Amino acid sequence: MRWTATAVLLLLSLRMTHGQEKPKPTAPEMTPATQTAIRKGLGFLAKRQTRSGQIPGTVSLATTSMACLAFLASGSTPVSGPHAENIRRALTFIRRCSSKSGFLQDDGSSGMYGHGYATLVLAESFGMLRDPDEIEESR
């Protein structure tokens, strides 16, 4: 779990500043070593994902949601890119965690922590969905 969370946070931190104005760096930010690390981290997350879309961890809903954010930050969408299938499976898992009230919770251990990350993933990916059924399920 510790490696999964570390990989997710590293990948997100590398992409979260994209689009923000910043001073010109003296060295390139995306070196070949950085790109290799990102590719390996995404591969690690993809291998840990189960057929149901879950990425196991102490708080699986949060772990899966953060990993899905990393896949999205890499440029993949639910319909295209090398991690499109991973994103679709993660979204399926997240939607299955929804109760009738709309609260997102996996096995009862994540509470608001998992709900917050899952809501962020659904909001980030909502406009990228094409299937009307998936769109309705994500509402």
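Trainee: Is A46 buried, exposed or partly exposed?

Mentor: A46 counts as partly exposed, because its relative accessibility is 22%. Buried means under 20% relative accessible area and exposed over 50%, with partly exposed in between, using a 1.4 Å probe and protein chains only. Keep in mind that this is a predicted model, where local features need pLDDT of at least 70, side-chain atom pairs count only at pLDDT 80 or more, and totals for chains, interfaces and linings use all residues. Residues are numbered from 1 along each chain as its sequence is written, and side-chain values use heavy atoms, leaving out hydrogens and water.

Trainee: Thanks! Which helix is A46 found in?

Mentor: A46 sits in helix α2, residues 32–48. Helices here are DSSP runs of H or I with at least four residues, strands are runs of E with at least two, and both are numbered from the N terminus.

Trainee: And what is A46 in contact with, leaving aside neighbours within four places in sequence?

Mentor: F71, H83 and N86. Contact means heavy atoms within 4.5 Å.

Trainee: Switching topic: how many aromatic pairs does a search of the whole structure find?

Mentor: One. Y113 and Y117 form an edge-to-face pair, 5.3 Å centre to centre with 90 degrees between the planes. Rings of Phe, Tyr and Trp (its six-membered ring) pair if their centres lie within 6.5 Å; planes under 30 degrees apart are stacked, over 60 edge-to-face, and the rest tilted.

Trainee: Where do Y113 and Y117 lie?

Mentor: Both are in helix α5, residues 111–126, four residues apart, or about one turn of the helix. An α-helix has 3.6 residues a turn, so residues three or four places apart point the same way. Y113 is partly exposed at 44% relative accessibility, and Y117 is partly exposed at 27%.

Trainee: Last one: how many helices and strands are there in the protein chain?

Mentor: Six helices and zero strands. Buried residues make up 38% of the chain's 139 residues.
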